[in-house]
Amino acid sequence: MYSKTLTNILKFVFFIVFLFLIFNFSKNYLSLDSFKHLLSGKQIFINKSLLKFDDSSFVKNNIFDRNYLFFDLFAYLNVQYLSLNFFKYYKMLLLFFSFFILFLIIYKRLMGKYITISLIPSSFAAIIIMVSTKFSPEIFNLFFLSCFLYILERNPSEKNKNLYYILPFLSLIWCGFDIWGAFIGISIMLFYLIYRYFDLKEQPEKEEKYLLKMFFISCLITILLFLFYAFIILSPKILFYNFSFYNTFKYDGLLNFNFIFYIYILLYIFIITLNLRGADVGRKSELFKDIFVSFFLFSIGFFNINKIIFFIAFSIPVISYYTYLIFKWDFVWKKQWSEKNLTFIKNIVYIILIPVLLFSGIYFEKNIDKQPIPYQIVQFINTYKLPPNIYHPEKLKNFLGFFLYPDYKLFLENKKNLKENIKSFNLNTFIVEKDSKVVDYLLNENYKISYFDDDYFILINPSLHKQYFKNFSPEKSPITFDIKNFKKIKNELEFFSNFYPSESAFLILAKIYKSKDTNIAIKYLDEKISENPSYFKLYKFLAQLLYEVEDYENAYEILKKIKKKDKEIIDIINKLKFKSF
């Protein structure tokens, strides 16, 4: 435990584990929100100009969002000439370089000492960032903010003055990726200017007056470039139109992740508070700078959850620095620890931290609720050339717009005046969530189901297109059909499920097989479960069929596999356990 060789080995293992986490979380790089930027990039590319209004739907006077121009074009051109999968590698690289720059800031602030202790809180902040970011403007905000902080944390000396003159041009590029992100970055720059001024007042022996003027000029140029981009290239109306507020910290789909986030916030406040009592001359202005910037970024994140990444990224070098100070003054100096003692502590920290990080990373990546992206819907529409125009749920607006623009015009879901809207906007294809009342209305109006999956139905006007289910109705539960038509229904559904597989399609087909022969249904379910181990409804139906043929032992084993996903079946499992022995 006192070996420095062991320390070096553990450092290397920690680095490998951290790289693995970046790689692992980079697989979760896309959401339905990502298609907003892809659609904007496609509209700019096709029209070869900056649009005033979004023309992908029937919504009138929907102002075109120019706040992410560079990002939108960059994202679209990558999809056009490469593929969506490349976003995974961009996320990976941006995370790596951002964390590397943040580590350099930590190393500089801590003067290379006691880095291991600072890794404890900062590693979990890094996991929060990795979990909560997709390939979006926020991942570029993380990178640009890291670059800004690296420069701003350097003393404005003769040696570093060229770095400060980079800031205006860096901010101009940042404006193109996220105008509001650049605004936040410039605000942080002004906080640092005020901090440098009061730091000079607090320690007048520092001879930095000329260099402070240089910093002021850099800030002024940066602000002027920002204003030029915001008010000339964009416009005040567009700038404020698309800034939205989400008064929530909830990261959908992962309750334990929210808990970790709250714990991190409390830990951050606790460590900062501990340092308030010991801020000596030379550190007061630094401490207040860190407190004010933290409060500013936290407030922005409170009103717009997409911007919380600014607070978390800024907090990494801050919490590392103040953890270092507590460790240095309250432990190392007080207890007069030797180098040997410190080596022992380093090794213990690494031995605990490595498996905890590894377990946390794997757990969160496995349990996060990944938003399904319904590519099959677009594939189906394009394959069968369904009739225009398309009625759709709000959450699919940008996704459908990206894939179907400009061939189809979209109509945003509106349950009021549906009959009138169908006539006014010539709506003939309807993408509707399965539990929507619109489904019943359309079926009563003689529209037909053409497609279904686990979440949506597509209904069409049968007078304009003949691609719909003719022998059974997939919306009914339980499924009802005429046994005389068994072969037609089986063939129709087998063909559909082969090209457009879903849990619902497999389940319905299994029920159709059961109407003829339970053993065929059991064999089919076994096959589909092995191909799709996350389709839990198939497990339940298979267990039901095994129970019916009195194969209690296998029914028990099947239900055991999904008891964590369905707590209601625990009583059934206990009864089957008794019967199987």
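Predicted model: local features only at pLDDT ≥ 70, side-chain atom pairs only at ≥ 80, totals over all residues.
Residues are numbered from 1 along each chain as its sequence is written, and side-chain values use heavy atoms, without hydrogens or water. Local features need pLDDT of at least 70 and side-chain atom pairs count only at pLDDT 80 or more, while totals for chains, interfaces and linings use all residues.

The largest nonpolar core has 184 residues. Such a core is a set of buried Ala, Val, Leu, Ile, Met, Phe, Trp, Tyr and Cys residues joined through side-chain atoms within 4.5 Å. Buried means under 20% relative accessible area, exposed over 50%, and partly exposed in between (1.4 Å probe, protein chains only). Phe 99 and Met 130 have the most contacts inside this core. Helix α13 (residues 308–335) gives the most to it, with 17 residues. Helices are DSSP runs (H or I, at least four residues), numbered from the N terminus. Beyond its neighbours within four places in sequence, Met 130 is in contact (heavy atoms within 4.5 Å) with Phe 18, Leu 21, Ile 22, Phe 25, Lys 91, Leu 95 and Phe 99.

The structure holds 69 aromatic pairs. Rings of Phe, Tyr and Trp (its six-membered ring) pair if their centres lie within 6.5 Å; planes under 30 degrees apart count as stacked, over 60 as edge-to-face and the rest as tilted. Tyr 268 and Phe 311 form an edge-to-face pair, 5.3 Å centre to centre with 80° between the planes. Tyr 268 lies in helix α11 (residues 255–276) and Phe 311 in helix α13, so the pair ties together parts 43 residues apart in sequence. Both residues are buried.

One cavity of 30 Å³ or more is present. On a 1 Å grid over the protein atoms alone, a cavity is a set of points where a 1.4 Å probe fits but cannot get out; lining residues have an atom within 4 Å of a point. A volume is the space filled by probe spheres set on the points, which are joined across faces, edges and corners. The largest cavity has a volume of about 60 Å³. Its lining comprises Tyr 114, Ile 115, Thr 116, Ile 117, Phe 327, Leu 342, Ile 345 and Lys 346. Helices α5 and α14 each give two or more residues to this lining.

Tyr 90 is placed in helix α4 (residues 86–109). At 22% relative accessibility, Tyr 90 counts as partly exposed. Its contacts, leaving aside neighbours within four places in sequence, are Phe 74, Asn 78, Leu 82 and Phe 135.

Conventions
1 Å grid on protein atoms, 1.4 Å probe; cavity = no way out; pocket = protein on both sides within 12 Å on 5 of 7 lines; lining within 4 Å.
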